[in-house]
Amino acid sequence: MAALTAVPAAGGFPHHPPTRFHRIHGTNVCVDPSRTQATRVESFANGLCFSQEPLEPGQIFLVEIEEKELGWCGHLRVGLTAHDPVSLEAVPEYSLPDLVNMGDSWVFAITRNHNRVTPVGTEDQSNAGLRGFLSSPYLCIETVRIPRDKLVGRSRPGRYSHILDDLYKTNVLPATARKSRIGVLYTVQQDGTADMHIVINGEDMGPSARGLPASRPLYAVVDIFASTKSVRVIQVEYGFPSLQTLCRLAIQKHIVHRLAIDGLDLPPLLKNFCKYE
């Protein structure tokens, strides 16, 4: 079975079907009737989940961390697999290393601080790029263009976060925080293979794996492991940004950090929207 191709919608944007969790999952997972929320009900393992259908090229499978659990070491794991979940004799206990050791699976652990290698001779532009990150309505990965709004996690900082925590100013949540949004997708290359990308709170982490078989169905893998207890699927819109989003971008260009939004003469709901709350 070949990978499906997205059908372009009006305006040239693809129309992807809704994403859901597969009925096949780990023995410690409980999936709600809508198949959009998955919870590990006991232990720290056997939390493996899959997408209900193979992903289409450029289609992101996005989840939000709903609930954390103290006492465990380790975090969410995501990736892709060419194994049809129905064909598995038994769902592996772990994505790493069990599923990966079966071959044709590419899974990575989401860590608190992602290690990003700065090319030799270049300067780390992470801080300088934050303004551009917040001012861009789209996430662009090669030919894929997705409105960034749904990709960004919604944080609710503490009273003094604006003083103590730079994350309040940038809205860049830690990758493993509650309300953080993690996604996985693949793009087809000229040689017919695919590159896998992991997206964390609207930021592309770059190709995590190359040479995937784009001619085969590729299912999303979400391993609700250790300190991550529950995740929820977020449906992504691939059309134009909303008027609200464009207003928020215009406001963000003229403020120092999110605390300044509270002093603006705006309705409370719009203030919260501008602060991603």
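This is a predicted model: local features need pLDDT of at least 70, side-chain atom pairs count only at pLDDT 80 or more; totals for chains, interfaces and linings use all residues.
**Overall figures**

Of the 277 residues of the protein, 47% count as buried. The exposed surface comes to about 13900 Å², and carbon and sulfur atoms supply 55% of that area. Among contacts in the protein with a separation of 6 or more, 71% are between residues 24 or more positions apart.

**Aromatic rings around Phe225**

The count of aromatic pairs in the protein is five. One of them is Phe44 with Phe225, an edge-to-face pair whose centres are 6.1 Å apart and whose planes stand at 70 degrees. Phe225, at 9%, counts as buried.

Tyr94 also pairs with Phe225; the pair is edge-to-face because the planes are at 75 degrees, with the centres 6.1 Å apart.

Ring pairs link Phe44, Trp72, Tyr94 and Phe225 into a cluster. Phe225 has a charged neighbour as well: Arg77 lies over the face of its ring. A charge over a ring is also found at Tyr138, where the charged end of Arg145 sits over the ring. The distances for these two cases are set out here.

| Charged residue | Ring | Distance to ring centre |
|---|---|---|
| Arg77 | Phe225 | 3.8 Å |
| Arg145 | Tyr138 | 4.2 Å |

**The loop between strand 2 and strand 3**

Pro17 and Asn28 are taken together here. Pro17 is in the loop between strand 2 (14–15) and strand 3 (29–31), and Asn28 is in the loop between strand 2 and strand 3 as well. Pro17 counts as partly exposed, because its relative accessibility is 40%. Asn28 counts as buried, because its value is 8%.

Leaving out residues up to four places away in sequence, Pro17 touches Glu56 and Gln59. The C-alpha atom of Pro17 is 9.9 Å from that of Val236, which is 219 residues away along the chain.

With its neighbours within four places set aside, Asn28 is in contact with Thr39, Arg40, Val41, Glu42, Ser43, Ala45 and Asn46. For Ala45 there is a polar contact: a polar atom of the Asn28 side chain lies 3.1 Å from the backbone oxygen of Ala45.

**The buried side of helix 5**

Helix 5 comprises residues 243–252, and its buried residues include Thr245, Arg248, Leu249, Ile251 and Gln252. These five residues lie on the same side of helix 5, because they cover an arc of only 165 degrees around the axis. An α-helix has 3.6 residues a turn, so residues three or four places apart point the same way.

Conventions: Residues are numbered from 1 along each chain as its sequence is written. Side-chain values use heavy atoms; hydrogens and water are left out. Buried means under 20% relative accessible area, exposed over 50%, partly exposed in between (1.4 Å probe, protein chains only). Helices (H or I, at least four residues) and strands (E, at least two) are DSSP runs, numbered from the N terminus. The arc is that of the directions from the helix axis to the C-beta atoms. Contact means heavy atoms within 4.5 Å. A polar contact is a pair of N or O atoms within 3.5 Å; within protein, one must be able to donate a hydrogen and the other to accept it, and residues adjacent in sequence count only if both atoms are side-chain atoms. Rings of Phe, Tyr and Trp (its six-membered ring) pair if their centres lie within 6.5 Å; planes under 30 degrees apart count as stacked, over 60 as edge-to-face and the rest as tilted. A charge sits over a ring if NZ of Lys or CZ of Arg is within 6 Å of the ring centre and within 35 degrees of the ring normal. Accessible areas come from the Shrake-Rupley method with a 1.4 Å probe; for residues, only the protein chains shown count as cover.
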